[in-house]
Amino acid sequence: MKLDPFYLIVDSAAWIARLVPLGVKLVQLRIKEMDEAGLRGEIIEARRICAEHDCQLIVNDHWRLAIETGCDFIHLGQEDLAEADLDAIRAAGLKLGISTHDGAELRTALAVKPDYVALGPVYPTILKKMKWNPQGLDRLADWRKRVGDVPLVAIGGLNPERLPGVFAAGADSAAVVTDITLNPDPEARTREWLAATAQWR
Ligand SMILES: Cc1ncc(COP(=O)(O)OP(=O)(O)O)c(N)n1
Ligand SMILES: Cc1nc(C(=O)O)sc1CCOP(=O)(O)O
Ligand SMILES: [Mg+2]
């Protein structure tokens with residue numbers, strides 16, 4: 001499976017409606033605080049928009065709703081993974097991406113045969129407080145060797161200037177939140193990301 005090199009992460013279907021039509025081909029819906037009915041509506045709308053634009057939607061955390069709404073790809077962190085029903089996820093045919101931050105987490109992730117492994121935070125992130133120091137590019141290169149053929153996603157503090165280093169270290173895809181969503185012109189920044197990742201597409 002090949003992941004698009006530009007992996008956008010946003011927290012609403014409204015963001016997806018705004019940015020996916022520009023040519024984004026891989027997007028994660030990452031909603032943290034919302035009731036179930038609201039989440040269901042957001043996922044259904046995100047799925048509709050992504051289908052219209054031939055964009056792969058990945059649902060963060062909410063694997064039950066992803067199954068219920070007919071989505072085909074989820075992202076789980078280590079705590080999410082510990083509580084998830086992997087048999088149900090696999091039986092529903094969902095692909096699975098997993099976060100990793102250290103060697104033990106990588107072993108846990110590889111044991112469930114994920115469809116990608118994410119390593120972060122490669123650089124400092126302002127999105128959320130994290131207990132891990134920035135991993136750096138050498139660590140990313142080490143992950144490349146350790147994951148074998150499993151696609152590798154880099155996340156945390158990424159921007160277009162940092163992409164050459166991230167791909168040279170062996171990432172298959174670069175995930176981003178705030179460099180786009182906090183940019184004064186998110187549409188223009190999305191176009192910059194599309195252009196900056198074109199050579200790895
Ligand atoms: C591509 C990607 N990588 C890592 C994460 C983080 O997942 P997790 O550790 O479960 O933290 P939350 O995003 O759920 O706060 C991710 N979402 N996507
Ligand atoms: C959601 C998330 N997970 C991370 C991890 O390391 O697992 S870093 C991160 C935040 C990424 O946001 P930004 O591109 O704004 O730094
Ligand atoms: Mg999670």
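## Strands 5 and 6

Thr 100 stands opposite Leu 119 of strand 6 in this predicted model. Strand 6 covers residues 116-119. Strands 5 and 6 run parallel, and 4 bridges join them.

## Ligand 1

The shell around ligand 1 holds 14 residues. The closest are Gly 77, Ser 99, Ala 118, Ile 155 and Ala 175. Strand 5, residues 95-100, supplies at least two residues of this shell. Strand 7, residues 152-155, also supplies at least two.

By class, the shell of ligand 1 divides into 7 polar, 4 nonpolar and 3 charged residues.

## Ligand 2

Ligand 2 is surrounded by 14 residues. Gly 120, Thr 125, Leu 127, Val 177 and Thr 178 are the closest. Here the shell divides into 6 nonpolar, 6 polar and 2 charged residues.

## The annotated domain

UniProt, in an unreviewed entry, places the feature "domain: Thiamine phosphate synthase/TenI" at residues 12-180. In the model, this span is 43% helix and 18% strand. The C-alpha atoms at the ends of residues 12-180 lie 14 Å apart.

Technical notes:
Residues numbered from 1 in each chain as written. Chains lettered and ligands numbered in written order. Predicted model: local features only at pLDDT ≥ 70, side-chain atom pairs only at ≥ 80, totals over all residues. Near = placed C-beta within 6 Å. Nonpolar A, V, L, I, M, F, W, Y, C, P; charged D, E, K, R; others polar. Pairing = 2+ DSSP bridges. UniProt positions renumbered as here; feature names shortened; annotations may be inferred.
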